[in-house]
Amino acid sequence: MTLEKEEFNLSTKASGRIDVLVPRCLIGEGANILGLTVDFEGLCSLQVEWRHGKICSIKGLKDASKVPNEILLPRFSEPHAHLDKAFSWSRAPNYKGSYQEALVANLNDYKSRSQGQLLFSVEKSLNLALVNGIRAIRSHIDSFGENVMRDWDLLEDIRKKWRDKIFLQFVALVPLEFWQTYEGELLAQRVALNGDLLGGVIAPPFNKKKTIKSLLHLVQLANRLNCDIDLHIDESQSCPAAGVKLLLEVLGHIKNEISITCSHLSSMALLREKSISNLAKAMAEKKLNVVALPLTNSWLLGRNERSTSIKRPLAPIFQLQKAGVVVSVGGDNVNDAWFPFTNFDPINLMAFSMPIAHLTPWERLGLSPFTSSAASILNLQWDGVLQKGSPADFVLLDSNSWVKALSERPKRRVVVNGEFLNELPKNKKLTFNNSHP
Ligand SMILES: [Zn+2]
């Protein structure tokens, strides 16, 4: 990085200029960088300049022999988190690591969870996410107990407090049939009013008739209230794709104009190749989005006592991408009964999930699930593609290659609305735009 004296002065006014390596697939405009070399890891040596929080120039370096020693990435969007239960492992551990035990521990903890504990989980998560380079989070929120409205009031306060630093989108996570109740209707109205989403769980064993009825009601409700849906669907090692098949059946009977995200979709990968490709095409036709969650899936699914299973159900990312489905990769649970590790670090997520999912950072479709596709699923105004006029919202990794960046835990600097995070004056109010359009 080069920051000369005059440039430093610029940077204090949300402006700056740096020499960096940038993934070619994240650069939106080609005119000024035509003819530049792209290295074997898909990185270009560039000078990026910004003024008043917006990129004003991206061009090749004059001296091509000097390779910059930082990688610039757009700040990340986390498409699937559970902020409300993060860091609850010490209260609700799950040493066996099974899905069923996670569920029991989760429900027990939820019943007795205090407002203080909820606040602790969310605040700790957001503080980590900010310094690790996250700009937006979609979080599912357990919403079926007697304290639901109290919890959502608290979350609304937190969202307001954080809105200039991290954009928050919530999904009300409830049993599917809850949306047919009076309380469900009230919650749905609140969710829709705030631009949040309706959620639910479809995992085997389930009653087909009852589930179709609940899904039909949910999709109709979401369309009536004009709010989107994000489902935990087929997070299982049995009954391959049984949930998404029901969803497609329902969508075949009614007109749907809202966006539906299928989170997990793990068991779909257990189908035969031809069935995967047919189902993926049907999903693309209905414009369903997918969030794959390799870490929790690998941890919870396919466990078989003291016998190591090579079957690790995970959304068939490549086949879905090939059919035209937007797929992103999320972090899911952090230090709770469902998954004990990680810490809202998108680089950590890439390093752990890329080997599981066979994704590579030097390919467009390997990187997009962590960058532009995640932003697209959250329906953010900025998709994370870097070009003139886009927000100066960056993560700078102290590394000159992907291999190094994903092997070591690289030091990083975060730029928010053109200003370096650690150089922000205390209590300074930021204004940057990543809101839901
Ligand atoms: Zn989840």
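I began with Asp153, which counts as partly exposed because its relative accessibility is 41%. My terms: buried is under 20% relative accessible area, exposed is over 50%, and partly exposed lies in between (1.4 Å probe, protein chains only).

The model is predicted, so I took local features only at pLDDT of at least 70 and side-chain atom pairs only at pLDDT 80 or more, while totals for chains, interfaces and linings use all residues. Residues are numbered from 1 along each chain as its sequence is written, and side-chain values use heavy atoms, with hydrogens and water left out.

**Asp153 and Arg190.** I looked up the partner of Asp153. Its side chain meets that of Arg190 in a salt bridge, 2.8 Å from N to O. I count a salt bridge when a side-chain nitrogen of Lys or Arg is within 4 Å of a carboxyl oxygen of Asp or Glu. The pair links distant parts of the chain: Asp153 is in helix H4 and Arg190 in helix H5 (residues 182–193), 37 residues apart. I took helices (H or I, at least four residues) and strands (E, at least two) as DSSP runs, numbered from the N terminus. Arg190 is buried, because its relative accessible area is 19%.

**Arg113 and Asp151.** I stayed on H4 for the next pair. Arg113 forms a salt bridge with Asp151, and their closest N and O atoms are 3.3 Å apart. This pair also links distant parts of the chain. Arg113 is in the loop between H2 and helix H3 (115–132), Asp151 is in helix H4, and 38 residues separate them. Arg113 counts as buried because its relative accessibility is 7%. Asp151 is buried too, at 5%.

**Arg91 and Asp109.** I then checked H2. Arg91 and Asp109 meet through their side chains in a salt bridge of 2.8 Å, N to O. Arg91 is in the loop between strand S5 (76–81) and helix H2 (99–112), Asp109 is in helix H2, and the two are 18 residues apart. Arg91 counts as partly exposed, at 30% relative accessibility. Asp109 counts as buried, at 11%.

**Network and total.** I found Arg17, Glu49 and Arg51 linked in a network of salt bridges. The structure holds 18 salt bridges.

**Patch.** I ended with Leu103, Leu107 and Phe144, which make a nonpolar surface patch of about 210 Å². Phe144 is in the loop between strand S6 (134–142) and helix H4 (148–162). Phe144 counts as partly exposed because its relative accessibility is 32%. Patch residues have over 30% relative accessible area and no salt bridge; like charges are joined within 9 Å, nonpolar side chains (Val, Leu, Ile, Met, Phe, Trp, Tyr) within 5 Å. Accessible areas come from the Shrake-Rupley method with a 1.4 Å probe; for residues, only the protein chains shown count as cover.
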